Structure formats: C-alpha cells, structure tokens
Amino acid sequence: MAGVEPATRKRVLRVIFVSLLLDLISFTFILPLFPKLLEFYRNSEAGPESQSTLLAQILNGLNAYKSAFAKPIDSRYDIVLLGGALGSLFSLLQAIASPVIGHLSDKYGRRTALLASMTGNILSVLLWVVAADFRTFLASRIVGGLSEGNVQLATAIATDISDENSRGSTMALIGACFSIAFTFGPALGAYLSSIATVAANPFAAAAGVSLSLIVIETVYLYFSLPETLPNKTAKAAAKTSAKPPTVTRTNSHFLLNLVHFTFLLFFSGMEFSLPFMTYDLFKYNSLQNGRLLGYVGLVASILQGGVTRRLSPLLTVQVGVSACLLAFVMLGRIASVGSLYLAATFLAITSATVVSGLNALSSFEASEDERGGKLGILRSWGQLGRGLGPILFTSVYWWAGRDMAYNAGALGILGVMALVFKGLKSPPGSVKKRVKKEKKEL
C-alpha cells in the first residue's frame, strides 16, 4: 500500500514488532516444559489405578501405535510422542482457524480481528494457569489453536503498509521476531518453571508470566495499533472509488500453497526428529538439545536482520530450500557434533528464509480486499503440513531407520526445489531497484 506515510509505516511496524515479539516469547515459554509438564500429569493421572482418565486413554493409544513398529521404541519417548501429538493437534486446529481469521480481517478490519484473536489467547493461557489436570491443559491448547492469529494478521498488516519494494524486508522483520523469540523464550520458560508457586500446578509461574505478556500485548495493541485495512482507513473512506486496484497474478495461489504445504511437511518432520536423532547418536539431554536449537535461532535472527531483508522474495525461498536439502543430506550421514552444528547452520538458513519469502510472494498475488484471506489460506496449508509432518517422518524413522528417513526427506525437498525453481516467478516490483542509489552516486 504505497499511500501510507513513512512516519505511519514506521510506527505501525514498531507496534507489529513489539506485539509479535511479546506474543512469540509467551508462546515459546511452554516448548521446553512439555516433557516435565506431561510427566507431571502422567504421574498424577495415568497410574494403574486411574486408567479411566483422558490422559491414560491417550497414552494407551500411543502405546498401541508404538507396538506397530518392528523397531522397539524406548518408553522414554512416550512423553515426546505425547508432546508431538499435542503439537500436531495445535497445528491442525490452526489449519482450520487461519482461513476464517483471515477472511474476518478482510471484512471487519485487521485491528478488530487481531483484538478478537488476543481475547482467545488470553483465555487459552488463563486455562494453562489453572490447569491442575490434563483435561484443562488440553482445553488450553485447543482454545489456543483455534484463536491464535497474531502471526498471520501481523503479516497482513505488514503487507497493508508496505509497497512492492519494501515488502520482502518487512516480512523478514516478522521472521526476525520468530528467531529472537525462539532464541530466548524457551530458556526463560525453563527458568520460570523452576519457581514453584502452586503445588497443584508447578508450572503456574511460567504460565502466569506468559499470561502477563499476552495481556500487556493486548492492551498495547488496543491503544497503539491503527486500522490498516485499506478500505477501512479514513483516507479510503473519503475516496469515491471503492474498487481496489486489480492485481496481475504471476504465481497461482494453488502453487504457493502447495510449496508451503510440502516444504513444512518435510521440514517440520525433520525438526521433530532432531531430539531422537541426537539422543541416539550423541546421548544428548534436553539441555544440550536446547543449546542446539538456541544456536539455530541465533543464526537465523542474524541472517534475517542482515541478509534476508535485502533479498527478493523468490531468491529468499530458493536459498532456503537449497539449504534445507543440504541439511537433510548431512543429517542422514553425520557422525560428529561438528557436522551436527554444520547441518544446524543450514537449518538456520532455512528458518530465516522460506516461510517469510512465501508470505511475501503470496501478498503480491492478492488484492487489498482479499489479502487477509489469501494469507490465511497459505498459513492453513502450512499448518496442515506442520501437523502431519512429525507423525509421518518419525514413523519412517522408526520403521526404516535414520538413513532412510533423511534420504526420503531429501527427495521430498528436491521435489519442493523443482516447484520453486521451475514453477515460481518473481512478481513485478518484487525485485528491489537500485535506481535511487545510482542517482545518489551521480
């Protein structure tokens, strides 16, 4: 939206960055807590005398799934499998909710949709605060999966206020929020979990701080975020012509959605399998895995701040899927910690590029009055891939072994690369021009 004044654009970007950072830090608190948190519920609800509880029934189902494998699966992975199942549930619920949230933002405005989404987020975290039993905790995850819309709406807002030349760098800013949050959020959540406040819920301190961050974010958005949907702004209302400009499409939304789905199908499976692989090869514990993921987040945030925002969206995606292929190939063959961290560097490059690049490409293919819906559908397909990937990839891992799993993943990413390099094109205006710089030099 080229009509936005630079001062307004800068102010809205600051609001997006601060709010999304608060949201993602709050979201990542729980990630390192899943093992201990689920162990707490299992010990209190899934004993021999309590087989009728919801958690006991779920664990029995997971054990039946494990028994289908020829390769025995150690019981230490029960909690990891349960955590993965909850993660998949959250992603699949997001796949359902994202298009709805996007279309509502096109109809009623970004600000209204975002504040409604934040209300659901507050309820979700509040349920976690009082979750003395697994049923309440599960309800918290379901409410969160159906209401979380901050990321996709922040993307839509960033698109509303950006012109074609600045859109890629704006999407990189959103990606940087992810990297920063995933670098520091899990560590802060782990620290807060060591503070015991309520015996019925040992994780109430972490949940309480998470709730505080979400409430602060909501209040901040209410007072600081203006409406950015073009047909809802004061300038647009004053215009006699209500029709948004026609968009000449370069890439079909079907192709963009297919790339997003297939990429995250393989990438999320690889992500979820890392703790299993590092334990099998190097006997890594949760602290060592946390350091590895922290390294990935740190490198990704540096790349997004200094490199990704300078690349065109298509080149960003091409670099990311190429790095992902190298990571898959290496992870199927590593034998040392040094090679593990080299593969993790390629994972960081992938994390810093692909999703933000696809969001930028999709935004070029949507007019002002449909952008929220189109970005919501893109996210929906991605979340569907993220929900199915861990289940499918770990199944291959246990059935056929590490080599076969990562080789199959590499072949899958090779197919994604074919779609990206042969199918996707750079939309007009997405490649940054250097005319201004040349004029200054003259």
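Buried means under 20% relative accessible area, exposed over 50%, and partly exposed in between (1.4 Å probe, protein chains only). Helices (H or I, at least four residues) and strands (E, at least two) are DSSP runs, numbered from the N terminus.

This is a predicted model, in which local features need pLDDT of at least 70, side-chain atom pairs count only at pLDDT 80 or more, and totals for chains, interfaces and linings use all residues. Residues are numbered from 1 along each chain as its sequence is written, and side-chain values use heavy atoms, with hydrogens and water left out.

**Fold and burial**

The chain has 18 helices and zero strands. Of its 442 residues, 52% count as buried. In helix α7 (residues 150-160), 11 of the 11 residues are buried, so this helix is largely enclosed by the rest of the structure.

**Core**

A nonpolar core is a set of buried Ala, Val, Leu, Ile, Met, Phe, Trp, Tyr and Cys residues joined through side-chain atoms within 4.5 Å. The largest one holds 106 residues; L38, W128, F137, F263, L331, Y406 and L424 touch the most other members. Helix α11 (residues 253-282) gives the most to this core, with 12 residues. Contact means heavy atoms within 4.5 Å. Leaving aside neighbours within four places in sequence, F263 is in contact with V321, C324, T350, V354, V355, I413 and V416.

**Salt bridges**

A salt bridge is a side-chain nitrogen of Lys or Arg within 4 Å of a carboxyl oxygen of Asp or Glu. The count comes to six. Three of them are tabulated here.

| Pair | N to O distance |
|---|---|
| E39 and K36 | 3.9 Å |
| R371 and D160 | 3.5 Å |
| E271 and R386 | 3.3 Å |

E39 and K36 both lie in helix α2 (residues 34-45), three residues apart, about one turn of the helix. E39 is partly exposed at 26% relative accessibility. K36 is exposed, with a relative accessible area of 55%.

The side chains of R371 and D160 meet in a salt bridge. R371 lies in helix α16 and D160 in helix α7, so the pair ties together parts that are 211 residues apart in sequence. R371 is buried, with a relative accessible area of 6%. D160 is buried as well, at 0%. D106, R110, D160 and R371 are linked in a network of salt bridges.

The side chains of E271 and R386 also meet in a salt bridge. This pair links distant parts of the chain: E271 is in helix α11 and R386 in helix α16, 115 residues apart. E271 is partly exposed, with a relative accessible area of 35%. R386 is partly exposed too, at 27%.
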